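Please work through each task before reading its solution.

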Amino acid sequence: MGFRLPGIRRASFSTKMASSKSGEVPKGYLAVYVGEEVKRFVIPISYLNQPLFQELLSQAEEEFGYDHPMGALTIPCREDVFITVASSLDRC
């Protein structure tokens, strides 16, 4: 049983994925890494303007500064919390 979030795309993280074509990010989206298992999500850049997402960015800045260990934006929250936030942003 599953569900689909139209504004968010998910891909499992792999070090090879960043250099492969399947790891490319479409125009208008950005990749973020989330959770303890470091799952990769591709989200619309429009999320960056949303206050709820900006709170997640503030948490990322506090934890990692601007030096992200994955080479891309890492969000320090559980995957289920991130999905809940993304789902609410899709409804905006």
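**Exercise 1.** Determine the N to O distance of the salt bridge between Glu37 and Lys39, and classify the accessibility of both residues.

*Solution.* Step 1: a salt bridge requires a side-chain nitrogen of Lys or Arg within 4 Å of a carboxyl oxygen of Asp or Glu. Step 2: residues are buried under 20% relative accessible area, exposed over 50%, and partly exposed in between (1.4 Å probe, protein chains only). Glu37, at 63%, is exposed, whereas Lys39, at 14%, is buried.

The model is predicted: local features need pLDDT of at least 70, side-chain atom pairs count only at pLDDT 80 or more, and totals for chains, interfaces and linings use all residues. Residues are numbered from 1 along each chain as its sequence is written, and side-chain values use heavy atoms, with hydrogens and water left out.

**Exercise 2.** Identify which parts the salt bridge between Glu79 and Lys39 ties together.

*Solution.* Step 1: the closest N and O atoms of Glu79 and Lys39 are 3.6 Å apart. Step 2: Glu79 belongs to helix α2 (residues 79-90) and Lys39 to strand β3 (residues 39-44), so the pair links parts 40 residues apart in sequence. Here helices (H or I, at least four residues) and strands (E, at least two) are DSSP runs, numbered from the N terminus.
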